[in-house]
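Please open the model in your viewer and keep the selection panel at hand.

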Amino acid sequence: MTHDEPVLQVRDLVKHFPLTQGVVFKRRIGEIKAVDGVSFDLNRGETLGIVGESGCGKSTLAKLMMALERPTAGQILFEGTDITQLKGKTLKAMRRKVQMVMQDPYTSLNPRMTVGDIVGEPFQIHPEVAPKGSRKQKVRELLDVVGLDPDHINRYPHQFSGGQRQRIGIARGLALRPDVIVCDEPVSALDVSIQAQVINLLEGLQDEFNLSYIFIAHDLSIVRHIADRVAVMYLGKLVEVGSDAEIYESPTHPYTQALLSAVPVPDPEGRESRERITLQGDPPSPANPPSGCSFRTRCWKAQDVCASEVPELEPRAAAPHPSRCHFAEVHDVVHAS
Amino acid sequence: MAEVAHQADVTEVGYQAGPLLEVDNLHVEFPTRDGIARAVNGVSYSLEQGKTLAVLGESGSGKSVTAQVIMGILDEPGHVSAGEVRFQGRNLLTMSEKERRPLRGNKIAMIFQDALSSLNPVFTVGWQIAEMFRVHQGLTRREAKQKAIEMMDRVRLPAAKNRYNDYPHQFSGGMRQRIMIAMAIALGPDVLIADEPTTALDVTVQAQIMGLLHDLQRESNMGLILITHDLGVVADVADDIAVMYAGRIVEHAPVHDIYRAPAHPYTKGLIESIPRVDLKGQELHAIKGLPPNLLRMPSGCAFHPRCPYRTDQCMTDTPPLYDVGGTRHSACHHWTEVIDDAR
């Protein structure tokens, strides 16, 4: 894997959704700050894991990178071109390069299309990728690559199990030979014994095709396994970014520490003495985030400065990798190593 | 000593022989257009007071169906074709609906995965909790309201008094699950069945809810049946584990034994498929193949098409639950090999 040139650069990305009231006269009464100033690089062949709780803006971020939503501000540079400004033909050409694997393999496949039609549909939209005569052969190859029987090309989605359907979704994502695949919770709907199969498939494909993944998930142990770098998101902002070892073994942001300590460890040894940071309450509404640091309402380290000053995502004296906390400090919560 | 203060237990059963709840050789069938789906095939487990039994299994393994039979809420066309469920020695399945009704909620209560669809959207949550007291204990509205607010406090809903008149949609997912728990424990049941109580929740909220369940269990000495597919949650709270596969219990053991040295290839596969730090960059150990179709069960051991320990015997003979020593049981002909490999 080569980790030098960024294939995707995200700069100060912001997406606010308006909140309106009234039926005839829609008044704008506020906005949901779904993504609020996110920046990161994604290198070729690399996997960036994005973790966070529901409502933190992970999925909006995925939609922005797919150019399914227009950002309120900021840039997404794909190989140097800002895709948020693209229109028409150039936008369509760009879409070939960034594909997506969705969470729910039951609703993301059209039940009235055969597997061959589903996996082959990208070729109809981008006919330059595969001439008409070769498409069926290409689809069969793709099914083979993701571990499905190519002879099942005429079957319908309901004839497959959940894990097999997710493979169909992955084959569809691969069809146009993209550079980047955005995986939004790709295994959370699958049974435990099937999750490992799909993770292995994704890792194998990455090596084979030199793919870059944005891997969005709430299962921290799976993210650790697959990701080279991990970004932790809270209320629309990245609060900590680092390599998988930095995030899991020396987390510096209180939220990351709480998140890691909340994950149940699949080993009953020493469960009574394990350190647990239990957060109180729920995340605040992104329509009305707290002033200063958005985590301060649930943070045990919060002081006056946290309410007045927004901490920057930057390395600090006691925190070698970027962390958005005034009092960032390394604290190994899980002792996983 | 009378330290265990059971308010509801006027007729204290005393030192009765046998466990609190026993499921004995239960069989459940669902007739379908394509044949009979045998969702549960001879499941037996028992629960002691104050203990937590985790029932671990994937979708379709029969773990929830077993719980529905215990509660007496099995959906048509499913029916029990054989077996018994005994609560304090009495078989629930031969009781009339009239006899069973007072047990539900008073003695055995259940919480579900999806709190939003389990709560009635057109009544306030306070009213729904108070209903338990009005219907089962015949309290007046005022008394019931007082009790309901107490329950909301007990499950640590912030500002319980002010939120008595709020509707389910005004609460977050974690708060709704707390309300479900308040309703379930309102009448001080002896057995609480929690069917995937935290699957729909975020990890930080999951930790809060599991902590709450643990505390409540300790306070009132309930028996808890925790149905889940999450090996992490199980390791945190369970005393005993029953692993289910295709309608059978394939391994039944104390929690420490199972994680240290599983005695069934399926359990072993599940534990090995968890990503571990030292395996980073390597392939995960995946269990090959798919769970079986309940309409076309494999012959012999249902796990044999996916099993690395398979021999000819596995394809013809259904393994019984072998005694593996201690209080452990494994339904595998080759459990000695499996347990040796794991050590």
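Which domains does the domain assignment of chain B give? Select 21-238 of chain B for domain 1, and then 251-276 together with 284-342 for domain 2; these bounds come from an automatic or database domain assignment. This is a predicted model, in which local features need pLDDT of at least 70 and side-chain atom pairs count only at pLDDT 80 or more, while totals for chains, interfaces and linings use all residues. Residues are numbered from 1 along each chain as its sequence is written, and chains are lettered from A, and ligands numbered from 1, in the order in which they are written.

With both domains of chain B coloured, note that the C-alpha centres of domain 1 and domain 2 lie 29 Å apart. Twelve residues of domain 1 of chain B are in contact with ten residues of domain 2 of chain B, contact meaning that the C-beta atoms of two residues, placed from the backbone, lie within 7 Å. On the domain 1 side, select β2 (35-47) and α9 (231-237) of chain B, the elements that give two or more residues to it; β2(B) gives the most, with five residues. Helices (H or I, at least four residues) and strands (E, at least two) are DSSP runs, numbered from the N terminus.

Next, show both chains: 32 residues of chain A are in contact with 35 residues of chain B.
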